[in-house]
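Here's a quick tour of the model you have open. Keep the viewer handy and click along as you read.

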Amino acid sequence: TKLPVLISKSIENVMGNQFRCGVLMGANVADEVARQRTCESTLACDFGSDSVNERIRQIFDEEHFRVSRITDVAGAEACGALKNIIALGAGFVDGLNLGGNTKAALLRIGLLEMTKFCTMFFEGVEKGTFMESCGVADLITTCYGGRNRKCSKEFAKRRGVEPAYLDSESCTKLWSAIESEMLNGQKLQGTLASQEVYNLLKARNLLYEFPLMTAIYEISFEGKPVNTIVDGIRTHTESTAIPLSKL
């Protein structure tokens, strides 16, 4: 299994001539942005000039869409993919009516695993990135209002009346049916990201380092009972303390 490749890096490689690519990521649910409800976003870029960086930030920044800038392109972009995996877990929690405390624990552990994955596989990732809109804020809004949470909640409800275990083919068919019925042509990102991350971690014998992401995959594609989502929370022993001076 190859190492993960960022879309921004792929664009830079195709463009050549030292082309630099940035990303705009954050807690930006599209319909709320269209309604001009106040939100934040994170522009991750470094075009070699402070004045150029600031001019580009100002292009996107306006009264209802507040944009801050960081230089950590890899961390910001990877967060945008990984949070969709955690959102699947949030939907499982909601579908089982496990409550706010369990969901809060899942979000905290999810953020820890996102941080660990990014720092493990990408260079130059900064811990402060995860406190930006592209990090914790995007994780929160996706786990409460995104399409991945919505569909995984339905997955959990339907699995509640199915046998305790499903085979992989039945899991895939169930996801496809839910996506078709609920998303009006849109696609789930969390299921694809979960498969890619799981295969990468398995190939490198790192599943034990990411018990939550592993549990989400096993429920989604190996047919494990949805209530095993709590095992991904309970078996996670890590804590973190980031001094405010480091953010």
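## Around Asp61

Let's start with Asp61, which sits in the loop between α3 (50–60) and β3 (65–70). Helices (H or I, at least four residues) and strands (E, at least two) are DSSP runs, numbered from the N terminus. This is a predicted model, with local features needing pLDDT of at least 70 and side-chain atom pairs counting only at pLDDT 80 or more, while totals for chains, interfaces and linings use all residues. Residues are numbered from 1 along each chain as its sequence is written, and side-chain values use heavy atoms, with hydrogens and water left out.

What does Asp61 touch, not counting residues up to four places away in sequence? Arg66 and Val67, where contact means heavy atoms within 4.5 Å. The side chains of Asp61 and Arg66 are joined by a polar contact of 3.5 Å, and the Asp61 side chain also reaches the backbone nitrogen of Val67 at 2.8 Å. A polar contact here is a pair of N or O atoms within 3.5 Å; within protein, one must be able to donate a hydrogen and the other to accept it, and residues adjacent in sequence count only if both atoms are side-chain atoms.

A word on the method: on a 1 Å grid over the protein atoms alone, a cavity is a set of points where a 1.4 Å probe fits but cannot get out, and a pocket is an open set with protein on both sides within 12 Å along at least five of seven lines; lining residues have an atom within 4 Å of a point. Grid points are joined across faces, edges and corners, and a volume is the space filled by probe spheres set on the points.

The largest pocket has a volume of about 690 Å³. It has 26 lining residues, and the closest to its centre are Val5, Ile7, Glu77, Ala81 and Glu196. Helix α4 gives the most to this lining, with 7 residues. By class, the lining of the largest pocket splits into 17 nonpolar, 6 polar and 3 charged (Ala, Val, Leu, Ile, Met, Phe, Trp, Tyr, Cys and Pro count as nonpolar, Asp, Glu, Lys and Arg as charged, and the others, Gly among them, as polar).

The second largest pocket comes in at about 500 Å³. Of its 20 lining residues, Asn28, Val29, Ala30, Gly146 and Arg147 are the closest to the centre. Helix α6 provides the largest share of this lining, 4 residues, and the classes are 5 nonpolar, 11 polar and 4 charged.

The 14 residues of α9 should span 20 Å at 1.5 Å a residue, and its end C-alpha atoms are 20 Å apart, which agrees; the expected span is 1.5 Å times one less than the number of residues. Among the buried residues of α9 are Ser194, Val197, Tyr198 and Leu201 (buried means under 20% relative accessible area, exposed over 50%, partly exposed in between, with a 1.4 Å probe and protein chains only). The buried residues of α9 pack against α4, α5 (100–121), α7, α8 and α10 (211–221).

How many cavities of 30 Å³ or more are there? The count is 1, and the largest cavity holds about 40 Å³ of space. Ile85, Ser194, Val197, Tyr198, Leu201, Leu207, Met213, Thr214 and Tyr217 line the largest cavity. α9 gives the most to that lining, with 4 residues, and the lining has 7 nonpolar, 2 polar and no charged residues.
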